[in-house]
Structure formats: structure tokens, C-alpha cells
Amino acid sequence: MAKRPLPKKRTSKARRDQRRSHHALTAPELVECPGCRTMKPPHVVCPECGSYAGRQVIEVDT
């Protein structure tokens, strides 16, 4: 069985955490719908009123 290469030095907690500094999750960005004033993701049809880019795209049951 072949021996695998191993690291010569242990990685410190500081170096390990610095490497993971960009792994944090970001909150989803929300914009206000101009039609019904509810918060929705940008570039998505509003689930409340069914409008997109100032026009009615889908019919929503009330």
C-alpha cells in the first residue's frame, strides 16, 4: 500500500478561519413591488399581484 503525502505542519485556527472568511451566507436582496408595495426578489414576477415591469403578467387568485 502506497503512503500518501501528509502536511508537515498543522494549520493554525487563525489561518484556517482566514481561508473561510468568504464562506458566510448573505441575506437575500429584496425590493419593493411598485404595484402592491410588498417585498419581492428583484427581476421576479410578484407573487402577490402578478405584475412584472409595470404590466400584469399572471392572473392571481385573491
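Helices (H or I, at least four residues) and strands (E, at least two) are DSSP runs, numbered from the N terminus. Serine 51 sits in one of these, strand E3, residues 51-52.

Before I go on, some ground rules. This is a predicted model, in which local features need pLDDT of at least 70 and side-chain atom pairs count only at pLDDT 80 or more, while totals for chains, interfaces and linings use all residues. Residues are numbered from 1 along each chain as its sequence is written, and side-chain values use heavy atoms, with hydrogens and water left out.

On confidence: pLDDT is the predictor's confidence in each residue, from 0 to 100. The mean for the protein is 93, and 98% of its residues reach 70 or more. Confidence is highest in helix H1, residues 13-19, at 97, and lowest in E4, at a mean of 92.

Back to serine 51. Is it buried or exposed? Serine 51 counts as buried because its relative accessibility is 13%; buried means under 20% relative accessible area, exposed over 50%, and partly exposed in between, with a 1.4 Å probe and protein chains only. Leaving out residues up to four places away in sequence, serine 51 touches Cys33, Val45, Cys46, Gln56 and Val57. A contact here means heavy atoms within 4.5 Å.

One of those contacts, Val57, lies in the segment after strand E4, residues 55-56. With 42% relative accessibility, valine 57 counts as partly exposed. Together with Tyr52 and Ile58, Val57 forms a nonpolar patch on the surface, with about 240 Å² of accessible area in total. Patches are made of residues with over 30% relative accessible area and no salt bridge; like charges are joined within 9 Å, and nonpolar side chains (Val, Leu, Ile, Met, Phe, Trp, Tyr) within 5 Å. The areas come from the Shrake-Rupley method with a 1.4 Å probe, and for residues only the protein chains shown count as cover.

Next, charges. Side chains of opposite charge can pair when their charged atoms come close. How many salt bridges does the structure hold? There are two, a salt bridge being a side-chain nitrogen of Lys or Arg within 4 Å of a carboxyl oxygen of Asp or Glu. Aspartate 17 pairs with arginine 16, their closest N and O atoms 3.1 Å apart. Aspartate 17 is partly exposed at 40%, and arginine 16 is partly exposed at 30%. The other joins glutamate 32 to arginine 37, with 3.5 Å between the closest N and O atoms. Glutamate 32 is partly exposed at 46%, whereas arginine 37 is exposed at 55%.
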